[in-house]
Amino acid sequence: MKSYLEIQVPLRYDATWFQELRTVCQHIPVKWQTGYYHITMAFLDETPEKMDLRPILDRHLTTLAAPTVTFDKLDAFTAHSGMHIIHLTATDVSEDFLSAIERIRTDLKTAGCQIESDFRLHVTLGRVKDANVDVSTIQKLIQTVHLPMSCFTLTDVDYREFRGKVLYNVTLQG
């Protein structure tokens, strides 16, 4: 089963900077993310059949302090599939938070979960599947957007089936 561990980010689709981003990219075929934003802490390509990951998640997440992240950069990258991802990210992230994510990923792998993708702290805003669009073109466009620094304390973590139901939820404490 494909699944993922995410931490929700309370962005607003109608935020001025997001509207500006969509406007500068209007001539590119972007499928915009609407109404639901998160950082994928771990994407599990496969989990051992009938394995309950809650004990691993509990061990890490019940003691993890809610991270405060200041998002200050728009960027784009090309995923393994060839699709371009337009995203929001942070240039300065707490080492404690990054270390916690790596410990979780390591324990999930040790338990037999397959995690192919590396961790990249980003919030997906849009996806471009058109192979004729170059990622550098997207990057040039999005550099023109005025992005105010946005600081969020992230508290809601879900483990869910890929395109499916929530299997585990925890609220991180400050």
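In this predicted model, H38 counts as buried, at 16% relative accessibility. The residue is found in strand 3, which covers residues 38-44. Two polar contacts of the H38 side chain were computed. One joins the side chain of H38 to that of E6, at 3.4 Å; the other, of 3.3 Å, joins the side chains of H38 and T40. When residues up to four places away in sequence are not counted, H38 touches Y4, E6, I7, Q8 and V9, as well as H122, V123 and T124.

At 23% relative accessibility, T40 counts as partly exposed, because the buried class is kept for values under 20%. With neighbours within four places in sequence left aside, T40 is in contact with Y4, L5, E6 and F119. The C-alpha atoms of T40 and Q8 are separated by 8.7 Å, although these residues lie 32 residues apart along the chain.

Q33 is placed in the loop between strand 2 (30-32) and strand 3 (38-44). Its relative accessible area is 16%, and Q33 is therefore buried. The side chain of Q33 is joined to the side chain of R127 by a polar contact of 2.8 Å. Not counting residues up to four places away in sequence, Q33 touches Y13 and F18, together with T124, L125, G126 and R127.

Elsewhere in the model, helix 2 (residues 54-61) and helix 3 (residues 95-110) were examined as a pair. Their axes come within 10 Å and cross at roughly 160°. Angles over 145 degrees count as roughly antiparallel, and helix 2 and helix 3 are therefore roughly antiparallel to each other. The crossing of helix 2 past helix 3 is right-handed. On helix 2, the contact is made by I56, R59, H60 and L61, and on helix 3 by R103, I104, D107 and L108. Sorted by class, the contact between the two helices has four nonpolar residues, three charged residues and one polar residue.

How values were computed:
Residues numbered from 1 in each chain as written. Predicted model: local features only at pLDDT ≥ 70, side-chain atom pairs only at ≥ 80, totals over all residues. Heavy atoms only, no water. Axes fitted to C-alpha atoms, helices over the stretch in contact; angles between N-to-C directions. Helix = DSSP H or I, 4+ residues; strand = E, 2+ residues; numbered from the N terminus. Parallel < 35°, antiparallel > 145°, perpendicular 65-115°, else oblique. Left-handed = near helix turned anticlockwise from the far one by under 90°. Contact = heavy atoms within 4.5 Å. Nonpolar A, V, L, I, M, F, W, Y, C, P; charged D, E, K, R; others polar. Buried < 20%, exposed > 50% of the residue type's maximum accessible area, 1.4 Å probe, protein only. Polar contact = N/O pair within 3.5 Å; in protein donor to acceptor, adjacent residues only side chain to side chain.
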